Each structure stands twice: as structure tokens, then as C-alpha cells.
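This briefing accompanies the model displayed below. Please read the points that follow alongside the sequence and the coordinates.

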2 protein chains.
Amino acid sequence: MYTIRKATAQDWPGIWTIFEAVVKSGETYPYATDTSKDEAKYLWMKPEQHVFVAVDEGEVVGTYYIRDNQPTNGAHVCNAGYMVRKDQRGRGLGRALCEHSLQAARDLGYRAMQYNLVVSTNPAAVHLWQKLGFEIVGTLAEAFLHAQKGYVDAYIMYRLLDSKTS
Amino acid sequence: MYTIRKATAQDWPGIWTIFEAVVKSGETYPYATDTSKDEAKYLWMKPEQHVFVAVDEGEVVGTYYIRDNQPTNGAHVCNAGYMVRKDQRGRGLGRALCEHSLQAARDLGYRAMQYNLVVSTNPAAVHLWQKLGFEIVGTLAEAFLHAQKGYVDAYIMYRLLDSKTS
């Protein structure tokens with residue numbers, strides 16, 4: 001069974017393995033498919049992000065970040081991003097990371113969570129976020145350049161955090 | 001009559017006068033109302049932003065920026081922000097800056113423009129963007145902390161740039 005906890009510098013190699021595989025697909029994150037390890041570390045581990053990992057028998061099997069989605073007058077809304085190691089899919093880890101992030105966001109004092117670019121060709125993720133209380137509040141026409149499918153729509157998904165039931 | 005052109009380092013003092021007044025109101029931008037001149041310069045003039053000014057008789061009367069709204073796979077969508085000197089309102093300068101930015105965005109190769117946080121209590125801006133081809137594609141509940149009104153809704157507004165008619 002995995003544990004979800006704050007990431008430390010020692011977790012970076014394990015996070016990188018996941019980051020590299022997820023980003024290489026070019027299907028879900030707006031990062032270059034050939035993002036280098038150093039660039040990835042800058043993107044995922046930067047000090048203004050709260051980074052968590054799911055660890056199973058000493059190995060990082062998933063990770064997420066939370067950060068302010070906008071500066072000052074919009075900083076009560078957070079953004080989050082999740083990555084799961086490919087061989088760990090189907091274990092409910094994406095759901096567990098999201099639920100953990102919702103509670104972490106409340107603990108950090110955020111009032112809402114926003115996903116800025118949920119790729120429409122990833123229905124498993126969209127449905128999971130919907131089950132966890134997010135709504136598609138907007139559709140951005142052709143806003144994501146998918147490695148296989150070209151320009152595809154992306155969704156903005158959003159939820160307030162006032163309810164304690166995730 | 002004003003001219004709209006790319007900003008230079010010499011334009012910063014004039015831009016700062018406008019930035020300071022707009023941000024101090026706490027009504028439209030998610031920047032701290034007491035943002036310092038140095039912080040403002042970092043925010044508005046950073047190298048990854050294309051910054052333009054409207055100049056009338058040697059004075060900066062308005063300014064806007066364009067930048068990538070997301071990294072790599074989302075970098076074909078731009079974000080823009082506009083500021084007009086208070087004593088210049090009602091001259092059509094907001095419209096002129098927006099129209100200029102739409103053409104500048106096309107020239108830079110962008111395929112769409114997105115505003116991430118249009119404050120719902122600013123209907124004049126919302127209507128202007130709608131007249132210029134933007135749609136409200138999403139509403140973010142309570143996503144902006146307004147200096148007078150507290151938590152208010154914000155809109156995401158979006159338009160493709162394929163049409164040459166702004």
C-alpha cells in the first residue's frame with residue numbers, strides 16, 4: 001500500500017522517472033516531450049509549489065503539485081497537477097492523489113481549485129475529476145497541441161473547496 | 001492622436017504611472033495594490049512578454065502585453081492584458097489596444113487569445129471584449145478578491161484568431 005506525503009529532494013529521481021514518461025507521450029501536459037531532467041526539476045519542484053509523492057515500498061509511484069493559480073487577488077484559488085507511474089494505473093492512485101490534494105489545499109487555506117488545461121482527449125481524467133466534484137466550466141477550442149491528434153479542445157475544470165466531502 | 005508601437009525601456013516610467021493607478025484600485029488585476037515599482041517592472045516588462053504602448057504627444061497613455069498562456073503544447077494560445085491611463089478613458093483606447101493586440105498576436109503566429117481572469121464586476125471590459133470577438137467560455141466562482149466587493153466571479157474569455165475581422 002502506498003503512502004502520500006510531502007516530497008523531499010531525495011524523491012526527485014523517482015519523480016523524474018514518472019515525469020519523463022508522462023511528458024514524453026505529449027498527450028496530457030503542455031511541456032515539451034524532450035524536456036530535460038533539469039528543466040523538469042525546475043518545472044515540478046520550484047519553491048512556490050507544494051509537491052507531494054505517493055510512495056510504495058520506498059519507490060515513488062505518483063506525484064502532484066499545488067500552487068497559487070494567480071497572484072495576490074486570485075491567490076485563494078489553487079492549481080494542481082498529477083502524475084502516476086504507468087505500471088501503477090488502475091489502482092485508484094489518481095483518485096487518491098486528487099483527494100489528498102483537495103484536503104491539502106484546504107489545509108493551505110485555498111478556497112477553490114482550478115485545472116487550466118484538461119485535454120479533452122483524456123476522458124478517464126475528465127470523468128475522475130467530475131466524480132471528485134469538479135465541473136467543466138469552460139471549453140478552450142483547439143487549445144492543446146496533442147502529439148498524435150493535433151489541435152484538440154481543452155477544458156477548464158473548477159471546484160470550490162467549502163464542502164468537506166471531496 | 002495616439003500611436004501604438006512596441007515598448008522600449010524608456011517607456012517604463014510612463015507605463016509605471018498607469019500600472020500603479022490601475023493596480024491600486026484592486027478592482028481588475030490580481031496584483032497587490034501596493035506592488036512596488038520594481039515588482040511592477042518585473043511583472044509587466046519581463047522578456048517573455050511582448051509589450052506595447054499607446055503614445056500621445058510623447059506620453060504613454062496606454063499599454064498592453066502579449067505572452068504565451070501555457071508552455072509548449074499550449075503555447076499557440078496567447079494571453080494579453082491592457083491598461084489605459086485614467087484620464088484617457090472614453091477615447092476608444094481600450095478597443096484600439098485590443099484590436100492592435102489581435103493583429104500583433106496573428107503576426108506572432110498565435111492561433112487564439114485567452115483572458116484568464118476577467119473580473120465580472122467590470123462589465124464595460126466584458127462587453128468590449130465581446131464586441132471584439134471574445135466569448136465568455138467559463139465562469140470561475142468567487143475567483144477574484146475585489147478590493148471593495150470581496151470574492152466575486154471571474155470569467156475566462158477566449159477567441160480564435162483565424163478570422164481577419166477583429
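Is A:Asp34 buried or exposed, and why? The model is predicted, and in it A:Asp34 is exposed because 11 other C-beta atoms lie within 10 Å, whereas the cut-off for an exposed residue is 12 or fewer.

**Position of A:Asp34**
- A:Asp34 belongs to the loop that joins H1 and helix H2 (37-45) of chain A.
- Between A:Asp34 and A:His76 the separation is 42 residues in sequence and 33 Å in space, taken from C-alpha to C-alpha.

**The sheet of chain A**
- Chain A has an open sheet of 7 strands, whose order is S1-S2-S3-S4-S5-S7-S6 and whose pairing is mixed.
- Strand S1 (3-6) and strand S6 (135-146) of chain A are the edge strands; each has a single partner strand, so one side of each has no neighbour in the sheet.
- From one strand to the next, the twist averages 25 degrees.
- An antiparallel pairing over 7 bridges links strand S2 (residues 50-56) and strand S3 (residues 59-68) of chain A.
- A:Val53 has A:Thr63, in S3(A), as its bridge partner.

**Helices on the sheet**
- Helix H1 (residues 12-24) of chain A packs on the sheet and touches S2, S3 and strand S4 (77-84) of chain A.
- The direction of H1 makes about 80 degrees with that of S3(A).
- Helix H3 (residues 93-107) of chain A lies across S1, S2, S3, S4 and strand S5 (112-119) of chain A.
- H3 of chain A runs at about 35 degrees to S3(A).

**Contact between the chains**
- The contact involves 27 residues of chain B and 27 residues of chain A.
- On the side of chain B that touches chain A, at least two residues come from each of strand S5 (112-119), strand S6 (135-146) and strand S7 (150-160) of chain B.
- The most is given by S6(B), with 9 residues.
- By residue class, that side of chain B comprises 16 nonpolar, 9 polar and 2 charged residues.

**The largest nonpolar core**
- The largest nonpolar core has 102 residues, and A:Met157 and B:Met157 touch the most other members.
- Leaving aside residues up to four places away in sequence, B:Met157 touches B:Tyr115, B:Val118, B:Trp129, B:Phe134, B:Glu135, B:Ile136 and B:Val137.

Methods: Residues numbered from 1 in each chain as written. Chains lettered and ligands numbered in written order. Predicted model: local features only at pLDDT ≥ 70, side-chain atom pairs only at ≥ 80, totals over all residues. Core = buried A, V, L, I, M, F, W, Y, C linked by C-beta atoms within 7 Å. Buried ≥ 20, exposed ≤ 12 C-beta atoms within 10 Å, placed from the backbone. Contact = placed C-beta atoms within 7 Å. Pairing = 2+ DSSP bridges. Helix = DSSP H or I, 4+ residues; strand = E, 2+ residues; numbered from the N terminus. Axes fitted to C-alpha atoms, helices over the stretch in contact; angles between N-to-C directions. Nonpolar A, V, L, I, M, F, W, Y, C, P; charged D, E, K, R; others polar.
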